[in-house]
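Please keep the sequence and the structure in view while reading.

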Amino acid sequence: MKKTVILLMLVAFTFSCETTFESGGVGVERDTSTFAIYVTTNRQDGTGFLVPFDGLPTGEIDVSQSFDNGILLSDTRRSGTGFDGAVYHPTNPLGAPGIQRLLLDADGRFVEDGFIGIGNLSLGGGQIFGFANSTKGYYTDHSLSQTAVQIFNPKTMQRLGEVDCSQAINAIRENIENADRIESTSIGGFMIERDGKFFTQLFFNDENDFQVDDKTYVIVIDVATDTVENITVWDDHLKIGYFSFINVNYVNIDEKGDLYLGSFIGNFTDPEGPNFRVLRIRQGQTEFDRTWDLNGKRGDFPNGENFALGGAVRNGKMYVKMMGIPIDPTFAALGEKEYYGYVIDLDSRNATRIEDIPVGYWRSIHGPAIYGGKPYFVVENDDAGKAFYYSYDADSGTSQLEITIIGGQPQNIVEF
Amino acid sequence: MKNGLALFFLMITTNFVMSQTKVSGTVLDAEGIPLLGATVQLRGTQIGAVTDENGLFELKNLKAGGYQLIVSSLGYQTRTVPLNISRNQAVSLEIKLRESNQELNEVVLEGKSNEQRKREEPIKIEVIGVSKILEQSTSVPELINQTSGVKVRQSSGIGSNTTININGLQGNAVRFFRDGVPTDYLGRAFNIGLVPTGSIQNLEIYKGVLPVELGADALGGAINLVSRRKDKEYLDLSYEAGSFNTHIINVGANVIIPNTKIHVGVNSYYTSSDNDYEFDLETSINGVTDVFTVNRFHDAIAASYFELNAGVHGTKFADVLDFSFAYFTLDNEVQNGISIDQPLGEVTEEEINRIFSVSYKKNILPNWNLDIFGALSKVNSKEQDVATNTFEWDGDVQRDFNGNPIVTPGGEFVQRDQRIEEESKVARVFTKYDLNDALRINLSSTYNSFDRVGSDPFQIPNVATGIQPITVPSTYTKIISGLGVGLSFFEGRLQSESFVKNYYLETEAPNLGFTENLIEELFFRDFGWGQSFKYAFDDDTYARISFEDAIRIPDAEEYVGDNLFIQPNLGLLPERSENLNVGFTSNLNRARTLFTEVNVFYRNNRDFIQLVPLNLITSEYQNTDRQEVIGVEGNIRINIGENSSIRGAVTFQDLRTRESEVNPNLIDARTPNIPYYFTNISANKEFASPFGLKKTRFNLYGNYLYTEQYLVTPVIRDLEPSLFGSVPNNIRDFVIPTQHQVNMGLTCTLESLPVSFNLEVINVLNELLFDDFRIPKPLRNYRFKITYRL
């Protein structure tokens, strides 16, 4: 009897272990624009939360108190972006590459609402997606094609077809000196739409997936016809957008419609090492503005700074976070606490350190971006477990603490 | 001193009564190995005894007459021996017991056998008698998973990488040994996901506290694979075939040349499997995203191990002197990395290992044992990822919309054609000296070193120097020494084991970040200590407490990085862990049919080393966290008659980050990707001579394994699903669901041949099972095994 009771208890204890998942609500779109913040909560594996807010968040945000309506995502260091009432993340929650549409449900919680998977093959600058309008977006899937841009509907999350760029690419390829070293082509790195034209980068890769020539190619697609309108070339290779990290915010359009394309590096093996560069394509143009660029190696900046993140532009000023010392080709000094906010005058190229934004480490990927008409800068320093967003007022030349993040590393604020 | 006097008095008394009427003898198992703890009792009297470690017993002061001597031992069939004793007669007996569960699913604490002494040491050691279930096709990881407090997970099928978690600690915290020697020199030959059961006599699991004879910096525990004895003859031949084109051949033999003291032995295995099981996966194939049923298509493995040994035993010079040469080859296809999302179609691994070893054992004095081992090995390993295509989960290469294969540079994962040559040396000296019955001294020292150099045409050169890090020779030498003192009080009821260990590391590794000093020389020396007690309330009931301040020395890469994207951190501290076990063991009834054991354990893992991303480009190994584990594990076993038994094991371990500089928000969060609650129920029944079949035995056994859902990434404590609780929607994708696994088997043994046949069904319920980071495991599958044993 004693044995039987013990055995029954053991079995009952074990079989009582039933698990249920809470039922998910049906996603409904909201009419009003709202915000969400990406916060990495585990630096080891990059997982974190996307937490919604009714408006631009302010004050102190204890992420642990906001987990209830946030959704856990892998790869939050490479955040997604907001568009037309939804957030689009570059992986599904568990990390499979693709485009994951996330909506707020009736309770204000993020729910998954459609996923387009893409192959794991990622070449050149990396895979990326972007939006032309509410029913048309573009993305790259190097597993499907290395010479085409894929088309999808961001509302239905269905692939619609592709823009065949092969003819234009072949025409360029014929003129590359060392074309025999080209092992693959790829499109990606960044994607942005402006006035019915869609801009993305083209790469010619060698056997090690490095660019074969020292040039930057940007493809311009006409959205109305889904055809290649132009490929513009800059004589120095840059990884614009840095491997599809949307949140580095190297790609921006100012209020005049000028497109600024930034990067800090070309090939990793490039002996020049890190080199913060910004190129420009003027409003209405599909060619680089060859009269203007920013170049850290050229000595554009006062202390020889050559490593910067971001490039938010407004009223003739560009806002970046920059290492206050030159970074040598080994990148050894990147761990130093020398990371400041800067404002760069786009005409004179003068860079001025914003003194009242505290110095910090380079940890968060989020480059300075414009929210509510003001540039926001992330600051992380030795205050473990906290990160800060400072806004900068260009008129007064002063900055202000806007958001304190407790319990994680902010990687992006998206408006959707 | 008092104990010494008591012992002296006991000896005098013993000598005095020796001349009286008595029955003495030895109790042995079927292989002639002495049984410790067997009960010997005269039926109808209170006269009885328990055998000592040599299987000896003695019943004194008997009256002349007829008796029934009942000899029993848990796990063995009880035997009754009729006796007629005359006055002043001294009867000497040799009694052999046959195991009642010889092929049964009794793998832990299966009763008193030759390993019982290990099990009853003050330091808690689980001993799995692997050779006793050789006829079953159960794999080594499955055997280990039937024990409490231990969880083995494999990245996929047979031969895939395994992670063993012992009381919450895993990875580098758990070290592996073969016959007490760290297995580094063996390469992957004795990887527990690969080695068949036929190559092992016993499997010992050390939980958190290691005796000095195991010389390694094991932070969380160790597994020791014990080989067959060299001074006994045996022959084991087995062939196993299973689903997914799995074939395992095992040959184990030891022959003593007649009229000599020379032995010659063979221990070999061959394992191959396609591991091409199917599973459902949401993925994108040819641009279509859906849930597809796919097969693993590039996961085959073939491994062969051949070991020939010869030597002498039982000589004046040596109890055992053995020379061994082994040759190991491995060809392995790699199907995926840590994630299931990306299938790999051409990535392969190869390993060739040549091992020469010599072992020497000698009882220099009756109370002084010496055990020396030395080995040299040369491992050539190759990893290739040179494909010019990438693959879809349908097994085809990725194609563009015109159907042409997409040519891709950079390999499938990380392009490499990496060849590494490693010379490994290991030497171990262990000696035990019993000063008297109450005092024992153990000394151990283990030297382990390797020299490594490699090549890889695809490795990116270090930016600062232009040198490929893999081409720079590195050396790594580790010496772990220990001194242990064993004390015994109150006639052995209270035993104490104290030890101190010295850890010494010397390494030379490339550190190309420093352009003036390409080779970084590192030295490390530290001490650890431990203490354990055992108190026996009676022969069957005892309590134990053990503690170790354990250390894990960082690996070379953790110190100096990979010279590419992982930066050096020469200030890295060793990981430390304070490990405490408290346990109680008892038979709950006099018939010894109900056995229970409860252990509580605590781990305080400080200076936990993790790879921390510094920024978008570089990472660094840092001492980041303090992790704490509080757990309880319990075992219960019920013997129903002589031929059936049921066993249950339950483990709950609460693993949490208590301090973290990197993720302070995750303080008190549960450590992810480690099961924290799991139970196991196993049962077996033996049918002797069923259906009138003489000399035939059937053994039916089953095993049920329950694993509670657990997270694959940490979240704050408030968001964690509670035990058996629901999972919030916003984290559900990161939860490995609750798993129920049932395996069943039937063994038929024809004793007259002697051949046995076994059929085992794994995952009978066809449940979705996962290991590691949501890597699906096979659905229902089958194994058949035929074994010939002499």
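In this predicted model, chain B has a mean pLDDT of 86, and 93% of its residues reach 70 or more. Two stretches of chain B fall under 50. Residues 1–19 of chain B stay under 50 in pLDDT, and the model gives them 10 contacts beyond four places in sequence. Residues 101–112 of chain B are also below 50, and this stretch has 53 contacts beyond near neighbours in sequence. Where pLDDT is low, the predicted coordinates should not be read in detail. For the model as a whole, the scores are ipTM 0.81 and pTM 0.82.

Chain B contains four helices and 43 strands. Its C-alpha atoms fill a box of roughly 100 × 65 × 60 Å along the principal axes. The radius of gyration of chain B is 28 Å, which agrees with the value near 28 Å for a compact globule of 790 residues. Of those 790 residues, 46% are buried. Among the contacts in chain B with a separation of 6 or more, 64% join residues 24 or more positions apart.

One sheet of chain B can be followed strand by strand. It is an open sheet of five strands in the order β8-β13-β14-β11-β12, with mixed pairing. At its edges lie β8 (125–128) and β12 (181–182) of chain B, each of which pairs on one side only. The partner of β8(B) is β13 (residues 202–207) of chain B; the two run antiparallel and are joined by four bridges. Within this pair, I125(B) has Y206(B) as its bridge partner in β13(B). In a regular strand the side chains alternate between the two faces of the sheet.

Chain A has two helices and 29 strands. The radius of gyration of chain A is 23 Å, close to the 22 Å that the globule rule gives for 416 residues, so chain A is as compact as a globular protein of that length. Its C-alpha trace spans about 90 × 50 × 45 Å along the principal axes. Of the 416 residues of chain A, 52% count as buried. Residues 24 or more positions apart supply 48% of the contacts in chain A with a separation of 6 or more.

Strands β15 (residues 216–222) and β16 (residues 227–234) of chain A pair in the antiparallel sense over seven bridges.

Elsewhere in chain A, strand β23 (residues 339–345) contains Y342(A). Is Y342(A) buried or exposed? Y342(A) counts as buried because 22 other C-beta atoms lie within 10 Å, where the cut-off is 20 or more. Not counting residues up to four places away in sequence, Y342(A) touches V320(A) and M322(A), and also A351(A), T352(A), R353(A) and I354(A). E355(A) is 13 residues from Y342(A) along the chain, and their C-alpha atoms are separated by 8.7 Å.

For L261(A), the contacts beyond four places in sequence are with I240(A), Y250(A), V251(A), V278(A) and L279(A).

The last topic is the contact between the two chains. Here 67 residues of chain A are in contact with 62 residues of chain B. On the side of chain A that touches chain B, the elements giving two or more residues are α1 (2–15), β4 (71–73) and β8 (110–117) of chain A. Of these, α1(A) gives the most, with six residues. By residue class, the side of chain A that touches chain B divides into 27 nonpolar, 27 polar and 13 charged residues.

Key
Residues numbered from 1 in each chain as written. Chains lettered and ligands numbered in written order. Predicted model: local features only at pLDDT ≥ 70, side-chain atom pairs only at ≥ 80, totals over all residues. Contact = placed C-beta atoms within 7 Å. Nonpolar A, V, L, I, M, F, W, Y, C, P; charged D, E, K, R; others polar. Rg over C-alpha atoms; globule rule 2.2 N^0.38 Å. Buried ≥ 20, exposed ≤ 12 C-beta atoms within 10 Å, placed from the backbone. Pairing = 2+ DSSP bridges. pLDDT = per-residue confidence, 0-100.
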